[in-house]
Amino acid sequence: MSASAPWLRAGSVNIALVRWIVCLVLMVGLSTAARAGATDTARIQAVLQADGSGGMVVNSQSNPAGESWSWQACAADGSACTPFATGRSVATAAAKPSTVFVATANDGPTARSPVWHGAVSSSTPPSVTGAVRANALVAPVAGAWSGGWEGDFDHTQLSACASPDGSNCTTITDQNYPGGCSHEAAVIDVAFSGSYLRVADQRLGVDTAFPAVAVSSPYGGQVWAPGPTTSVAVVGRIAPATGPRAAGCGPPPLLSATLSVRGVARVRCGLSCTIVLRAHRPSYRVRLERTLPSPGSATVQLPMAAIRRLGRGRASFSVEVDGTLLAARTVKFG
C-alpha cells in the first residue's frame, strides 16, 4: 500500500469518504435519469372544430425527428382501450361520449386527453343582464351547451344591429380592448338607440390559445356568425337613454355635441352620422342638416341669412345626431 495514497488506508474516516463518493455517484445518476425522464413528457392540446367536433394535437417535450404516434380510445377511467388513429394531429370523428384518448409515441412518451363528451350543441341560447337601453351597462350571459371537452369555456360578444333578425350589425365589445368593461359587458352608446341588441356565445375548446392582438376600438370588429360552436340571440330593441352613462368603462361616447353661446355646434362622431341643428322662435324655425360619411368632428352653424331671420332676442337651439338629442340651449342675439 503506497504512503502517497492515505485515503486507501482502513479507518472510519476513510470509509465515510468512500461512502460519500458512492452517494455522489448515485445522486448524479438519479439526476441524469430525472432529466432524461423530463424530456420524455408529452401533452395533448384539445380544441373544438368549427363543425362542433373535437381536434387534438400531441407533442413531446423533446420532439425528436422521426417520432410517430399511435392513438387509443378508452373509457373515461382509462380502461377498455381500442386502437383509434395514428399521426400527430387527430380528430375525434365518431368517437362516442365519455371517451378519453391516449397517444403513445414510438420512442416512449404518452399523453392523455381530457374527457370527450361528444359533438358540441347549444341547449340554451345566451342572454344579458341589465336594461336594454342606451347609456345602460349590459352584461352578456353565456348559454348552456352539451358535448365538447371537459373544461371547455365561453367567450361572448355584444353587437348592435339595424335589423331585428340580427343582421347588419356593429360590434360593441371586444375582449382585447384596453379599459373594457369586466365580464365582456358594455355601456350601450347612445349612437345605437333604436338598434337591436344581439348577444353571441362562442364555445371554445379547453386548450384554445389566443394570439396577442392590438385592438384600438371594439366598433367595426368581426361579428360572429351563428354555427355549431356559436349560439346567437337578439334580446330586444335598444331604448333611448334616460340618464347619463352607467359606468366609465369601455371606449368614450361615440357621439358628443356642444352648443356655444352663439349657437355654433361642435359635434364628434365615432361612426358615420347625420347631424341636425335646429333653431326656433315663435315666428320662425330653421333646420340645418349635415352628414359625416366617416368618423370625425364637424362644426355646424346657421348661415347669416337664417340668423337675421331669427331676429333680435332669444332663440332655442338644439343639436341632434342620428335622431338623438345631444345638446340644447337658449341663444340671445343682440
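**Close-up 1. Lining of the largest pocket in this predicted model.** Sixteen residues, given as 16 in the count, line the largest pocket, and Q157, D174, Q175, Q222 and W224 lie nearest its centre. A pocket is an open set of points on a 1 Å grid over the protein atoms alone, with protein on both sides within 12 Å along at least five of seven lines, and lining residues have an atom within 4 Å of a point. The volume of the largest pocket is about 300 Å³, a volume being the space filled by probe spheres (1.4 Å probe) set on grid points joined across faces, edges and corners. Residues are numbered from 1 along each chain as its sequence is written. Local features need pLDDT of at least 70 and side-chain atom pairs count only at pLDDT 80 or more, whereas totals for chains, interfaces and linings use all residues; side-chain values use heavy atoms, without hydrogens and water.

**Close-up 2. Make-up of the pocket lining.** Four lining residues of the largest pocket are nonpolar, ten are polar and two are charged (nonpolar: Ala, Val, Leu, Ile, Met, Phe, Trp, Tyr, Cys and Pro; charged: Asp, Glu, Lys and Arg; polar: the others, Gly among them). Strands β12 (153–161) and β15 (196–204) each supply at least two residues of this lining, and β12 gives the most, with three. Strands are DSSP runs (E, at least two residues), numbered from the N terminus.

**Close-up 3. An open sheet of four strands.** The strand order is β20-β19-β22-β23, with antiparallel pairing (two strands pair if DSSP finds at least two bridges between them). β20 (284–292) and β23 (324–333) are the edge strands, each pairing on one side only.

**Close-up 4. The pairing of β19 with β20.** Nine bridges join β19 (residues 273–281) to β20 in the antiparallel sense. R278 stands opposite R287 in β20.
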